Amino acid sequence: MSGAGKTVCVTGASGYIASWLVKLLLQRGYSVRATVRDPNNPKKVEHLLSLDGAKERLHLFTANLLEEGSFDAAVEGCDGVFHTASPFYHDVKDPEAELLDPAVKGTLNVLNACVKVPSIKRVVLTSSMAAVAYNSRPRTPEVVVDETWFTDANLSRETKMWYVLSKTLAEEAAWKFVKEKGIDMVTINPAMVIGPLLQPTLNTSAAAIAKLFGSETYKNMTLGWVHVNDVAMAHILALEVSSAEGRYCLVESTAHYADIVKILKELYPNAKLPEKCEDDSPLKPLYQVSKKKTQSLGIDYIPLKTSVKETVESLKEKGFVSI
């Protein structure tokens, strides 16, 4: 119970990673101040209120990423702050309003609130491999991506990768701000996060698995994959391990969608799954992501096949896929 007697804040607490983070923090004895846009919306908060320890140690706060000062009350008196709130979806009409502003201005709003609270020892920011891996450097089997890589914001803008751009600009703005203000910050940079869903809604990364069922084709993409429990645990260790610093790339393994489909066919031989890639180009190559830094934190990764199986079982249970 390493968190007994300590108070932390989790922003965007109803989200996929954040819900797991709240669950594990409560298990470790922390008191958790959780921010949501609407604490009266049962879809957003019921799954949090039913967690073990929630009755005694979970407190909900209303906060909005774009509203200055709205995080002040939630972070007051905290020992640590986890900033996970940031929109993640692909069907974007207005990138500035939907993704870029909430990511960048939201992060600065939270950090501005933290500056005023001397009790906060460290801020842990949920960034993404999106802010690491997208630049002009090739990603091929012999290449090892690590924490020294940074995404090229101009390239993301030119290629209209709006989510990638939102995470890149938010992380850049955060590092600049904490350097100027002397805040201790660590970033967690996960790849595609899968595993069981605690929230009742379908999130973007789990939807990537759900969409493969009943589909004719799969995307020609190679991505990093990681279990949501490992991601939540990395956030907590980033707060608890005093020597933690800088960025942490969180990837259990990289796999092409073809590899994910292969795993699904082994696990669910009767399911209707894609037979071919959506284009005729060569399959995007695998690459490596260094695990050295995250393993020094104490992360022992859950294997990809387990992550995929647990994701599908959760999707079935919640009615998002039927096999």
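How are α10 and α12 oriented to each other? Helix α10 (residues 257-267) packs on helix α12 (residues 304-317) at an angle of about 65 degrees, with the axes 10 Å apart. The two are therefore roughly perpendicular to each other, the term used for angles of 65 to 115 degrees, while under 35 counts as roughly parallel, over 145 as roughly antiparallel and the rest as oblique.

A word on the ground rules. This is a predicted model, in which local features need pLDDT of at least 70 and side-chain atom pairs count only at pLDDT 80 or more, while totals for chains, interfaces and linings use all residues. Residues are numbered from 1 along each chain as its sequence is written, and side-chain values use heavy atoms, with hydrogens and water left out.

## Helix packing

Helices here are DSSP runs (H or I, at least four residues), as are strands (E, at least two), numbered from the N terminus. Axes are lines fitted to C-alpha atoms, for helices over the stretch in contact, and angles run from 0 to 180 degrees between N-to-C directions.

| Helix pair | Angle | Axis distance |
|---|---|---|
| α10 and α12 | about 65 degrees | 10 Å |
| α5 and α7 | about 20 degrees | 9 Å |
| α1 and α9 | roughly 60 degrees | within 9 Å |

Back to the opening pair: α10 passes α12 in a right-handed crossing (the near helix is turned clockwise from the far one by less than a right angle). Ile260, Ile263, Leu264, Glu266 and Leu267 of α10 make the contact with Leu304, Lys305, Val308, Lys309 and Val312 of α12, where contact means heavy atoms within 4.5 Å. Seven of these residues are nonpolar, none polar and three charged; Ala, Val, Leu, Ile, Met, Phe, Trp, Tyr, Cys and Pro count as nonpolar, Asp, Glu, Lys and Arg as charged, and the others, Gly among them, as polar.

Next come helix α5 (residues 95-115) and helix α7 (residues 162-181), which are therefore roughly parallel to each other. The contact includes Leu99, Ala103 and Thr107 of α5 and Ser166, Ala170 and Phe177 of α7. By class, this contact has 17 nonpolar, three polar and one charged residues.

Helix α1 (residues 16-27) and helix α9 (residues 228-240) complete the table, and their angle makes α1 oblique to α9. Here Tyr16, Ile17, Trp20, Leu21, Leu24 and Leu25 in α1 meet residues of α9, among them Val228, Met233 and Ile236.

## Cavities

On a 1 Å grid over the protein atoms alone, a cavity is a set of points where a 1.4 Å probe fits but cannot get out, and lining residues have an atom within 4 Å of a point. There are two cavities of 30 Å³ or more, a volume being the space filled by probe spheres set on the points, with grid points joined across faces, edges and corners.

The largest cavity holds about 60 Å³ of space. Its lining includes His83, Ala103, Thr107, Lys167, Ala170 and Glu171. Helix α7 gives the largest share of this lining, three residues. The lining as a whole divides into four nonpolar, six polar and two charged residues.

The second largest cavity has a volume of about 50 Å³. Ala131, Phe150, Thr151, Thr168, Glu171, Glu172, Trp175 and Arg247 line this space, with the largest share, four residues, coming from α7.

Notes:
1 Å grid on protein atoms, 1.4 Å probe; cavity = no way out; pocket = protein on both sides within 12 Å on 5 of 7 lines; lining within 4 Å.
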